[in-house]
Amino acid sequence: MTPIPSHHRATTASASAEHPARTRPPVEAPEGDTATDARTVPAVPPAEAAGAPVLPTQGVRTGALPPLPPLDLHGAVPVLDAVTAEPPAPLPELAVLRALVRDAARRAAALLQGHVPEAHDTVADIVRFTVGAGGDHLETAAAHLGLTPLRMRHLTAAYHHGGPHGAAACLSPRPAHPAALAGAEAAIRPLRPSPGAPLERHRDRLTDPPAGVQLRHGPDGRWYPYADLHGTWQPVAGPHGDPARAYRAARLALRQRR
């Protein structure tokens, strides 16, 4: 081995003292990577060095997210359909929970399709659920609202024909403006079978007893037709802003059911 001259050794030692990083050993690289020396190791971020948490988005490539695939909820099966044991009290029965899940799925699908539901109060929402469940929970809903099953059936029919406003006209009579009642009376006068018989006005209701027809003024300004069927006033299809149209709808329902 050729000896290194003493002057060269002194020069090397001096250079090492001026640049100590050059004497550090290479940094061990993970298997499969090429080892790099200490000069290529990135510095520790100030936030990490100070003990601050590193956000999970650091180092993540940003950009526009890809569009979501279209959702098809028609074949979706509620999770509770796989459950057979009844839940413990005070939870509702399993059949009620399943109905609530199906109702929530229908409402979510309608929202995804762009259908904005009308505003509902608590009573109208219970009626809406009962209508959507096909009447399976009608007696339970009636007991919850303090109504008889017959009254609850009338309420669900009113909701079916007119939504939450139809339910309000059925359950909660409210004062109507006298001018609205007078205008409705004038509009239906030519259609009455007994034009000379007196009409009854009560709050939001205009009743023609000989004809078996009653009109109720809803909170949405429409007139909701009722027909005297089997001695009770029952809501029928055909609410309309024109009282004459609503009156004709009630007369048609009477002819079809007698």
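How much space lies in the second largest pocket? About 290 Å³.

This is a predicted model, in which local features need pLDDT of at least 70, side-chain atom pairs count only at pLDDT 80 or more, and totals for chains, interfaces and linings use all residues. Residues are numbered from 1 along each chain as its sequence is written, and side-chain values use heavy atoms, leaving out hydrogens and water.

**View 1. The second largest pocket draws on H3, H4 and H5.** Each of these helices gives two or more residues to the lining. H4 supplies the largest share, 4 residues. Among the lining residues are Pro 92, Asp 125, Phe 129 and His 144. The lining divides into 6 nonpolar, 3 polar and 2 charged residues.

**View 2. Helix H4 spans residues 122-132.** Its buried residues (under 20% relative accessible area, 1.4 Å probe, protein chains only) include Ile 126, Arg 128 and Phe 129. Helices H3, H5 and H6 are among what covers them. At the start of H4, a side-chain oxygen of Asp 121 comes within 3.4 Å of the backbone nitrogen of Val 123. Gly 134 follows H4, with a positive phi near 75°.

**View 3. The largest nonpolar core has 18 residues.** Such a core is a set of buried Ala, Val, Leu, Ile, Met, Phe, Trp, Tyr and Cys residues joined through side-chain atoms within 4.5 Å. H7, S3, S4 and H8 each supply at least two residues. H8 gives the largest share, 5 residues. Ile 188 touches Leu 199, Leu 215 and Tyr 247, among others. A second, separate core of 15 residues includes Leu 147 and Tyr 226.

Key: Buried means under 20% relative accessible area, exposed over 50%, partly exposed in between (1.4 Å probe, protein chains only). Contact means heavy atoms within 4.5 Å. A polar contact is a pair of N or O atoms within 3.5 Å; within protein, one must be able to donate a hydrogen and the other to accept it, and residues adjacent in sequence count only if both atoms are side-chain atoms. On a 1 Å grid over the protein atoms alone, a cavity is a set of points where a 1.4 Å probe fits but cannot get out, and a pocket is an open set with protein on both sides within 12 Å along at least five of seven lines; lining residues have an atom within 4 Å of a point. Grid points are joined across faces, edges and corners, and a volume is the space filled by probe spheres set on the points. Ala, Val, Leu, Ile, Met, Phe, Trp, Tyr, Cys and Pro count as nonpolar, Asp, Glu, Lys and Arg as charged, and the others, Gly among them, as polar. Lists of a residue's contacts leave out its neighbours within four places in sequence.
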